[in-house]
Structure formats: structure tokens, C-alpha cells
Amino acid sequence: MSTTSNPAQPAGGSRAEAEVVDLVSQLIRFDTSNTGDLATTRGERDCAMWVAARLEEAGYTTEYVESGAPGRGNVFARLPGADPSRGALLLHGHLDVVPAEPADWSVHPFSGAVENGYVWGRGAVDMKDMVGMMLAVARRFKAENIVPPRDLVFAFLADEEAGGTYGSHWLVRHRPDLFDGITEAVGEVGGFSLTVPRRDGGERRLYLVETAEKGLGWMRLTAKGRAGHGSFLHEDNAVTVLAQAVARLGTHTFPLVLTESVAEFLAAVAEETGLDFDPASPDLDGTLAKLGSIARIVGATLRDTANPTMLDAGYKANVIPQTAQAVVDCRILPGRRAEFERAVDDLIGPDVTREWITDLDSYETTFDGDLVEAMNAAILAHDPLGRTVPYMLSGGTDAKAFAKLGIRCFGFAPLQLPPELDFAALFHGVDERVPVDALRFGTRVMEHFLLHA
């Protein structure tokens, strides 16, 4: 599959629409793989400096900030708006990506190949697509002296894929001045289309605006026993105690809870499709499955989850270890923290201790207000038959950090997607890619949105 740095550009589009595909392709070529280890994470500084240079070309004054560790680069730029008395709007995107194994891919994951109507590579949807759209729109507005109604702050961030320790959370703690005057924020994993069958036989594109995120917590479980020879009888084996606790927790189904965001999403889908998402139905999962790939995300927002991901015990085959540990990936619905912890304690039992090694709060806001109206108007201006609906993300974003400053956060990276594309599978997946037409559509929508936000 060949790489193309300058695909044919759309006739009559803005400067931003004309260059967004090339910007995304170039961003992907920076290997910004975040391994979670400072010694092996790379590329963020080079990518951030490249972004800063593209902004400065257009006339911005940028600020480059390394957050807590060498190379963990962040870039900020502000575009003054017409009304300085209004709260500023933050647009944020992270530059790091999860690692990729080239042997598994159809193309090299850091090629930025443009082929068959897609831009290919790690980060194409998570989230160098939105970073490219932000950069394209920011460059156009500054170069053409376009003044938005309010101040816009563009932030290009490090370390989101490892929880934001050296990115958003560090910045919020150590450089809160960068966020002075910001009242609202827009980031990733929202604004993409989901095509659903209408009850009248047609189809409707729903554009999912993220208004909520589950809490993200990585929990370490520890069991201690008596060390000894592997040939003896052992009633106090830490490995056995831990394994039983992990099995109970990993196979447990937490109760179904409908938050406001999820209830509004299901009501909108039911209105369009005629499907019945009755929480009491024994086949709710089956009904959700009719929504296609998005069902995996939606299904995970109906209840808390606790998935064991790592085990660590022992150092020799014939030695019973004194300690055994496991790590569990916990995702908790808004307002459910206390109930979740009580359930975990009951499941793991008194002989296993737990501690949070990563603990990021859930977040939820309402689907209303001027900013939501501006999102809806921007979508309808470019897709008159579309409809915006709220939804909850089962994962997490940098919004968790900004919410601590009282900033109201949404996910809105608009993309009009082909109905057959398994979009959810592309996040952290092999052959990650984003449609060229979706990038251009998203750029048009973002321009409209920022001119009316």
C-alpha cells in the first residue's frame, strides 16, 4: 500500500479542509508510542515541536511545556475572540498513541499512508484525526484573521494513553494558569456518526456527543501466605487465595444502572429505530447487539466492570511464594464508587488486600446549553438529516483532569463514518484508519462550530 502525502483536495473547500488530510498523515509519521515507561516512551517532544512550528507559521505565539519528565511535550496556543468577557473554550488533543506491532498491520503503523479513501496508521482515530482537524482550523483562523466569538485555547498534550500523569493531570496541578478563563472544553471520542435503521425503513445518522465517562481505576490485589517447598502440603498458599479471589471478581456481573447520559442515548435510539431497550428485559444485550459495533461501548456503560489484566507470583517452580499479586482494570459509573468498593471487598474476601494504583474519577454533564446547541447546529449545517445525542464513554480521556478545574467537558471530534465501518474496533486496533471524507467533513463541522460556539 503506497503512501501519498498530498492527495487530491476537494474543490471549493476552505484552507483547513484542503490541508487536514496531509496534516493527519504527517502527525501519524511521528512515532509517539506511549509504553507507560519513561525510558521507552518516545516521540512526543518531536511531534509537539512540529505542531508548534505549524502554528507559528500561521502567526501564533505558542508555549511549549515539558511536564514532569524530559520529552513529555505539550503545546498551547490562544486565539483571542470577539468577546473577552466570555469564558474561553478549550480544544484539547493528545499526541501520544498506544504501541503497534508492524508485523500485524497491512501497512506500517507509522507510515501515514493515504490509500483507498483512508488515512492509515496508529493514531488515525485515537486521536491524531482530531489533532489534525484542530491544527488545520487553528491555522486557517489565524492566517485569515478570522475572529471567533470567544477565546479559543488549543492544547496538544502528552501522556493521555497512560492516564495523563505527565500530561493533563500534571498541567492542571502545576500550570493551572494555562487554563485561566476557560469554562468549557471539547476533546476526543465524540461527534462521530452511528447509522441506525429507522422504524419507517430508512436510516438516520446519529452523532454521539460524549457527555460522560466512567471512572478509571487500576487496582492491585495482594494475597500473602506462608512460603515453603512446592512438594509439601500447603493450606496457606498465596497463589491459590489470590486466584480464587480473581476468579470471583472477574466473573462477577455488576448490577445494571442507567445513568442520565445512557438513558438519553437509549431513548433517542429507541425513538429512531423502534427497538425496546427495557432495562428489565432478559435480552437487553441482544437488543443492543442490533446497533452493531457500538454495542460494545454502550454495553460497557450499563454497569461497572472489573477485569483482571495482570498476575504476578513466584520465582521458582518448586517454591511456594509468600506473596501473590494481580492488577484489575476497574471502570466505575458516576455515583457508584462506594457501592463498587463494597462489592469488590465482598468478592475478594478478607484474605486479600486491595489498593488503587491509578484512580481517576468518573465524569458526567448534562446535554444542554449553548455549546450543545452550537454542536447540533454545526452537524445539521453539514448533515441536515443528522441528529446529535449524548452518550457515555466506557474509557477515559484528558477531560477527567480538566473537570477538576470546574471546566465543563464534552467529546466532539466530528466524523461522518461509513455505516459498514467497525469504528469501535479501530481504537487501539490493528490497521487503524480514518476515512479521508470523514476528516474533511469533520473539519467543516469544526469550523462552523467554533464560529458559533
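The questions and answers below concern strands and helices in a predicted model. Local features need pLDDT of at least 70 and side-chain atom pairs count only at pLDDT 80 or more, while totals for chains, interfaces and linings use all residues. Residues are numbered from 1 along each chain as its sequence is written, and side-chain values use heavy atoms, with hydrogens and water left out.

Reader: In what order do the 4 strands of the open sheet stand?
Author: Helices (H or I, at least four residues) and strands (E, at least two) are DSSP runs numbered from the N terminus, and two strands pair if DSSP finds at least two bridges between them. The edge strands, each pairing on one side only, are strand 12 (305-313) and strand 15 (352-360). With antiparallel pairing, the order is 12-14-10-15.

Reader: Which residue in strand 14 stands opposite Trp218?
Author: Strand 10 (residues 215-224) runs antiparallel to strand 14 (residues 323-332), and 10 bridges join them. The residue in strand 14 that stands opposite Trp218 is Asp329.

Reader: At about what angle does helix 5 run to strand 14?
Author: Helix 5 (residues 238-250) lies across strand 10, strand 12, strand 14 and strand 15. Angles run from 0 to 180 degrees between N-to-C directions, with axes fitted to C-alpha atoms, for helices over the stretch in contact (heavy atoms within 4.5 Å). For helix 5 and strand 14 the angle is about 15 degrees.

Reader: How many residues of strand 7 are buried?
Author: Strand 7 pairs in the parallel sense with strand 18 (residues 408-411) over 4 bridges. Buried means under 20% relative accessible area, exposed over 50% and partly exposed in between, with a 1.4 Å probe and protein chains only. Strand 7 (residues 182-187) is mostly covered, and of its 6 residues the number buried is 5.
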